[in-house]
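I opened a new notebook page for a structure I had not looked at before. The entries are in the order in which I looked things up.

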Amino acid sequence: MGFKMGIVGLPNVGKSTLFNALTRTAAAQAANFPFCTIEPNVGEVAVPDARLDTLAKIAASKSIIPARMTFVDIAGLVKGASKGEGLGNQFLANIREVDAIAHVLRCFEDGDVTHVEGRVDPVADAETIDTELMLADMESIEKRLQNIVRKVRGGDKEAVQQERLMRLAMAALEEGNPARVVEVDEDDLKAWNMLQLLTTKPVLYVCNVGESEAAEGNAHSVKVAEMASAQGNSHVIISAQI
């Protein structure tokens, strides 16, 4: 079964370079200016699994087809994206289509590489994107709640369930937390997933550090690790030279 990972982040943080490294191509243009990527680049990579060889021998398979992971290099997001700033509308539409998010954060100092905010602060960068995704989810929930009012009043079970779950998500968002922090009962999982909220998607933070810091990271990546730990969910930190 395929899995689609969206590579996101502010402009100029290394998203396209990471995409090229993961897919072993040069399909994504990487340049030192904002919005170098406009249309998303898409690439597929086979997922190695030694167990396939054993299963193939048992079943006498003529060919082995490994699982595939699709990487999507999405345009850089800026503050105000939830209101259509920059390539905001396109960014949000692209991110709705992925299963998980690889959030690239600039954790290196280099005066030759521009930053849209003119500073290096990966935690603030992460908060910028998280805020825009949360605002987009809040707007989406508000519209949906308005659209199901009559059904809820009429006692429609599905609508009542949706309203309850959306209000749980809204409560978390209003407190400044992504919807993925909400604990959902197993009976509600299907309906919860059908809400397709941006902030319910799993996030993998990718810290872009200097080449000499790739093995152990640096002070910036430590702050990202602390931020992820404080969020109390399944965020993972990776230090990489991209």
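**Entry 1: ground rules.** I am working with a predicted model, in which local features need pLDDT of at least 70 and side-chain atom pairs count only at pLDDT 80 or more, while totals for chains, interfaces and linings use all residues. Residues are numbered from 1 along each chain as its sequence is written, and side-chain values use heavy atoms, with hydrogens and water left out.

**Entry 2: layout.** I noted eight helices and six strands in the protein. From the N terminus on, I read the order as β-α-β-α-β-α-β-α-α-α-α-β-α-β. I then looked up burial: 43% of the 242 residues count as buried. Buried means under 20% relative accessible area and exposed over 50%, with partly exposed in between (1.4 Å probe, protein chains only). For contacts (heavy atoms within 4.5 Å), I took pairs at least 6 apart in sequence, and 67% of them join residues at least 24 apart.

**Entry 3: cores.** In soluble globular proteins, nonpolar side chains tend to be buried together. I used the term nonpolar core for a set of buried Ala, Val, Leu, Ile, Met, Phe, Trp, Tyr and Cys residues joined through side-chain atoms within 4.5 Å. The largest one has 34 residues, and I7, F91, I95, L133, Y205 and V224 touch the most other members. Elements that each supply at least two residues of this core include β1 (3–8), β3 (68–73), α4 (122–147) and α8 (219–231). I also found a second, separate core of 17 residues, with L145, A179, A191 and W192 among them.

**Entry 4: V45.** I picked V45, which sits in strand β2 (residues 41–46). V45 counts as partly exposed because its relative accessibility is 22%. Leaving out residues up to four places away in sequence, V45 touches L22, T23, A67, R68, M69 and F71. V45 and T23 are 22 residues apart along the chain, yet their C-alpha atoms are separated by 6.1 Å.

**Entry 5: salt bridges.** I counted six salt bridges, each a side-chain nitrogen of Lys or Arg within 4 Å of a carboxyl oxygen of Asp or Glu. One of them joins the side chains of R68 and E44 (3.5 Å, N to O). R68 lies in strand β3 and E44 in strand β2, so this pair ties together parts that are 24 residues apart in sequence. R68 is partly exposed at 36%. Next I looked at D125 and R119, whose closest N and O atoms are 2.5 Å apart. D125 is buried, at 2% relative accessibility, whereas R119 is partly exposed at 27%. In the salt bridge of R167 with E163, the closest N and O atoms are 3.4 Å apart. Both residues lie in helix α6 (residues 157–174), four residues apart, about one turn of the helix.

**Entry 6: cavity lining.** Which residues line the largest cavity? I listed I101, D130, L133, P178, R180, L198, T199 and V203. A cavity here is a set of points on a 1 Å grid over the protein atoms alone where a 1.4 Å probe fits but cannot get out, and lining residues have an atom within 4 Å of a point.

Technical notes. 1 Å grid on protein atoms, 1.4 Å probe; cavity = no way out; pocket = protein on both sides within 12 Å on 5 of 7 lines; lining within 4 Å.
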